[in-house]
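Welcome! Open the structure beside this text and follow along, one piece at a time.

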Amino acid sequence: MSEDRIAVLICSWGAGEPGAFDLEPLRSFAASMDGVLTAQLIERMCSEKGQKDAVKGLRESGADRFVVAACSPKTKSWLHRSIATAAGLHPLAFEVANIREGAAYVHARDLGPRKSEVIIRMAVEKVRLWSEPPFEEEMPACRSVAVVGEGLTAALAARDLAAQGLETDIIVPGPGFASPSSYIFINRAQRESALKVMREVALHPLVRTHLHTKVRSCEGRPGDFELILEAEEGPRALECGAVVLAPEPCNELRGLDGSLAPEAEDLISLGMRRIVILPGGPSSGTGCSCMTPRGLLYALEAASMTPGIEIRLLGRELRALGSMEEVQHGAQRRGVRFHRIEAEPSVRGQGPYTVEFHDPLVGACSVPADLVLVDSVTVPRAGELASVFRLPLDEKGELMSIESRLRPGETVRRGIYVCRYRVGNMIYEDVALEAGAAASRASELLLRGAMEIGGTVAEVEAEKCSVCLGCVRLCPYSAARIGEAGKAVIDVELCQGCGSCVSLCPSKAIDIYQYGEAQIIAQERAALGRSR
Amino acid sequence: MRVVGFICGHGAEGAFDQAGERRIQYSPDVMLIMMPCAGRVDVLHILRAFREGADAAFVGCCLEGNCHHVYGNIEARKRVEQAQGILESVGLGARRLEIFHLASNQAWKVPQLTEEMLSRVQELGPNPLGARA
């Protein structure tokens with residue numbers, strides 16, 4: 001018998017609706033495992049009574065870690081944490097065995113219980129090897145946010161932050177806010193509401209605006225950053241808890257020679273009847289992107305002023321959401337043609353041009369054009385911001401956000417958020433959403449009360465480190481560095497626990513809490529029916 | 001048959017969870033091991049699975065360019081390719097191992113990919129190391 005003290009709590013809803021299959025055999029199976037002190041069926045663990053029962057069960061059993069056999073860890077892990085804390089255990093001293101989405105729901109009724117046994121065994125073997133990670137909950141030291149930007153996006157973010165009661169500093173590199181002319185407003189009401197936001201921000205008591213100021217460096221940790229500002233009167237420090245980057249993007253239609261597109265009304269007098277609008281984006285590879293609203297509006301304008309003009313828009317996809325849908329319909333009714341392309345088109349000639357591309361619907365196309373325009377969105381100061389805030393750029397040269405759907409506005413550095421512009425995001429309503437997303441992430445960090453540091457984090461065993469710099473180069477969060485002792489160190493505050501460095505390390509000097517090397521191997525063995 | 005799936009905690013775990021919520025059935029021979037990110041998957045984990053008798057293994061991760069941890073899935077692809085080379089040279093066959101890219105709303109891919117791995121096992125036969133107790 002081992003000396004492990006593990007409890008297994010099986011939620012009565014773990015197998016789906018009660019009675020989906022009999023949980024009692026599962027309970028006695030779990031109870032029979034080595035090191036398991038107790039296995040209990042808990043009536044609906046996410047209810048208040050269920051939680052109380054779970055805490056009571058844990059306390060009485062004297063277990064120091066436990067397995068929850070229930071639904072996906074994605075749904076209720078926060079609850080299991082509070083159960084652990086209430087039972088006097090470490091808040092992360094548990095493992096979830098997902099017997100619902102992992103077994104009961106996806107396998108035939110007679111196979112579900114058998115699979116559940118394996119899943120529970122895997123979780124028990126994993127939690128057996130659990131060790132206490134560095135983990136603290138800390139209050140953010142500073143409840144204010146710095147917004148770096150010079151225009152409407154910065155104003156929108158600042159308004160949202162100030163509305164939550166956070167002190168907000170807007171850091172504007174130029175002499176004042178840029179006029180919102182590069183945005184697309186569908187109607188006058190939108191333009192007016194944008195101007196209203198800018199006025200509101202200028203007068204808000206919680207918002208301070210620093211003109212002629214640039215950020216020189218950003219040190220510290222989430223909740224407690226120190227920015228060094230470079231202003232006309234000399235450098236000074238600014239404390240803030242979070243940073244929102246709102247660089248002003250630039251969305252333009254330009255000719256192949258780099259000149260700005262002629263006004264739509266001048267096209268005829270310039271003798272331009274055949275126009276092709278290409279999507280912007282990287283000029284190499286297959287990275288052809290979307291047709292943007294800017295191009296759509298231009299096409300609509302030109303087509304409605306000059307009947308008989310021939311306009312084609314090329315792009316990987318057409319995104320005309322919300323009020324842009326009407327613009328697209330209008331353009332289509334007036335004869336604008338849209339071509340889907342999957343590879344970069346080639347342009348030959350010096351005007352008139354020939355544009356060659358492959359449209360999956362009509363095959364290979366070769367189109368003559370008097371004018372070829374490129375519709376691109378660029379963020380002029382992205383490179384500078386990236387080096388000041390130590391953030392990576394993506395393949396388009398924009399500030400990289402981690403995952404636009406699951407983690408909107410987040411950059412690789414926690415506490416630093418970005419309003420990002422994808423092609424098509426220059427519409428006012430979209431910009432407002434991006435600014436709102438970044439602002440809400442920042443306020444979530446600062447207003448939640450306590451911030452978590454640690455948990456699933458990697459740690460270097462200094463004796464084994466051969467200083468190959470693999471982790472330093474690989475870490476997407478710049479959390480790995482060579483420390484004072486000349487060995488790799490992973491910063492607990494920056495590590496986000498992806499574990500890439502652990503598997504990369506040739507000396508096997510790095511391990512990660514919660515997903516340790518021994519834990520994964522134990523799980524593998526359990527999954528394949530091998531004994532411990 | 002025993003198939004081990006290393007599942008990243010974002011796209012792939014989301015897809016498998018959603019398959020569960022939608023009651024999309026797949027074979028119980030597929031055993032899932034949750035990873036914080038596909039970048040956590042080591043060549044050694046994969047080879048270990050075969051040594052312990054798995055007939056096939058796969059890595060499930062986010063769509064390329066959409067990794068929750070920036071480029072964990074690219075790292076995973078490199079490691080899968082390395083492990084495939086090793087499996088081929090020891091005679092087990094590179095086709096016993098595959099990497100699948102899943103967004104968390106692509107539950108429909110789950111039965112497809114599990115069937116794919118099971119049919120490969122049927123084609124290649126059981127893992128000869130599996131018989132070793």
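Predicted model: local features only at pLDDT ≥ 70, side-chain atom pairs only at ≥ 80, totals over all residues.

## A helix across a sheet in chain B

What is the order of the strands in the open sheet of chain B? The four strands are arranged as β2-β1-β3-β4, and the pairing is parallel. Strands β2 (30-35) and β4 (97-101) of chain B stand at the edges, where each has a single partner strand, so one side of each has no neighbour in the sheet. From one strand to the next, the twist averages 20°.

As a reminder, strands of a sheet pair through backbone hydrogen bonds, either parallel or antiparallel. Strand β3 of chain B (residues 56-61) pairs with β4(B) in the parallel sense, over five bridges. Here you can find Phe58(B), which stands opposite Glu98(B) in β4(B).

Now look for helix α2 of chain B, residues 43-51. Which of its residues are buried? They are Val43(B), His45(B), Ile46(B), Ala49(B) and Phe50(B).

These buried residues of α2(B) pack against elements of both chains: α14 (517-527) of chain A, together with β1, β2, β3, α3 (72-89) and β4 of chain B. After α2(B) comes Gly53(B), with a positive phi near 110°.

## Chain A as a whole

Chain A contains 14 helices and 26 strands. Along the principal axes, its C-alpha atoms fill a box of roughly 90 × 60 × 50 Å. Of its 532 residues, 55% count as buried.

If we take the contacts in chain A with a separation of 6 or more, 69% of them involve residues 24 or more positions apart. Chain A exposes about 22,800 Å², and carbon and sulfur atoms supply 51% of that area.

## An enclosed strand

Strand β1 of chain A (residues 6-11) is largely enclosed by the rest of the structure, because six of its six residues are buried. In a regular strand, side chains alternate between the two faces of the sheet. Both faces of β1(A) are covered: Ile6(A), Val8(A) and Ile10(A) are buried on one side, and Ala7(A), Leu9(A) and Cys11(A) are buried on the other.

Which strands pair with β1(A)? One is β3 of chain A (residues 65-70), which runs parallel to β1(A) and is joined to it by five bridges. In that strand, Ala69(A) is the bridge partner of Ile10(A). Another is β2 of chain A (residues 36-42), which pairs with β1(A) in the parallel sense over six bridges. There, Gln40(A) is the bridge partner of Leu9(A).

## A helix and its packing

Helix α10 of chain A covers residues 382-389, and its buried residues are Ala382(A), Leu385(A), Ala386(A), Val388(A) and Phe389(A). They pack against β6 (144-149), β9 (214-221), β10 (224-231), β12 (242-246) and β21 (416-418) of chain A.

## A nonpolar patch on the surface

Finally, turn to the surface of chain A. Val467(A), Leu469(A) and Ile482(A) form a nonpolar patch there, and together they have about 190 Å² of accessible area.

Where is Leu469(A) found? Look in the loop between β23 (458-460) and α12 (470-474) of chain A. Leu469(A) is partly exposed, as its relative accessible area is 33%.

Notes:
Residues numbered from 1 in each chain as written. Chains lettered and ligands numbered in written order. Heavy atoms only, no water. Pairing = 2+ DSSP bridges. Helix = DSSP H or I, 4+ residues; strand = E, 2+ residues; numbered from the N terminus. Axes fitted to C-alpha atoms, helices over the stretch in contact; angles between N-to-C directions. Patch = residues over 30% accessible without salt bridge, like charges linked within 9 Å, V, L, I, M, F, W, Y side chains within 5 Å. Areas by Shrake-Rupley, 256 points an atom, 1.4 Å probe, with all protein chains shown as cover. Salt bridge = Lys/Arg side-chain N within 4 Å of Asp/Glu carboxyl O. Buried < 20%, exposed > 50% of the residue type's maximum accessible area, 1.4 Å probe, protein only. Contact = heavy atoms within 4.5 Å.
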